[in-house]
Amino acid sequence: MKKEFYRILGFAAVFFIVTLFLLNIPKDIYVINVHTGYYHHPGCKYAHKINPRNMKWERDMAKIEKQGFTPCSNCFPGKEKGKGNRE
Ligand SMILES: [Zn+2]
């Protein structure tokens with residue numbers, strides 16, 4: 001009986017943390033592959049292939065560019081607001 005309670009509690013905790021994590025990710029965050037030097041949208045299929053050891057998250061595009069990372073040619077990070085530049 002008590003075991004079941006802790007199991008549910010565990011699920012609730014995980015769910016809570018995941019929700020917090022998801023809510024905390026702003027839409028303008030980018031995933032950098034420090035190994036290849038490319039950066040991606042979190043939703044890019046290549047972003048999912050990055051080895052966690054080479055993965056770096058960054059919100060500040062200026063910072064990314066300053067470090068000389070290359071935008072991915074698949075997801076075009078930084079040009080997400082419609083593919084034509086509106087700015
Ligand atoms: Zn990409």
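**View 1. Burial and overall make-up of the protein chain.** Of the 87 residues in the protein chain, 16% are buried. The model is predicted. The protein chain holds 2 helices and 4 strands, and in sequence order these follow the pattern α-β-β-β-α-β. Among contacts with a separation of 6 or more, 56% join residues 24 or more positions apart.

View 2. The 4 strands form an open sheet with mixed pairing, in the order E3-E1-E2-E4. Strand E3 (55-58) and strand E4 (70-71) are at the edges and each has a single partner strand, so one side of each has no neighbour in the sheet.

**View 3. Pairing of E1 with E3.** Strand E1 (residues 30-33) pairs with E3 in the antiparallel sense, over 4 bridges. Within this pair, tyrosine 30 is opposite glutamate 58 in E3. In general, the strands of a sheet pair through backbone hydrogen bonds.

**View 4. The largest nonpolar core.** This core has 10 residues in all: Tyr30, Val31, Ile32, Tyr38, Tyr39, Ala47, Ile50, Phe69, Cys72 and Cys75. E1 and strand E2 (38-40) are the elements that give two or more residues to the core. E1 gives the most, with 3 residues.

**View 5. Surroundings of cysteine 72.** Cysteine 72 belongs to the largest nonpolar core. With its neighbours within four places in sequence left aside, cysteine 72 is in contact with Tyr38, Tyr39, His40, Cys44, Tyr46 and Pro77. Tyr38 and Tyr39 are also members of the largest nonpolar core.

Terms used: Residues are numbered from 1 along each chain as its sequence is written. This is a predicted model: local features need pLDDT of at least 70, side-chain atom pairs count only at pLDDT 80 or more; totals for chains, interfaces and linings use all residues. Two strands pair if DSSP finds at least two bridges between them. A nonpolar core is a set of buried Ala, Val, Leu, Ile, Met, Phe, Trp, Tyr and Cys residues joined through C-beta atoms within 7 Å. A residue is buried if 20 or more other C-beta atoms lie within 10 Å of its own, exposed if 12 or fewer, and partly exposed in between; C-beta atoms are placed from the backbone. Two residues are in contact if their C-beta atoms, placed from the backbone, lie within 7 Å.
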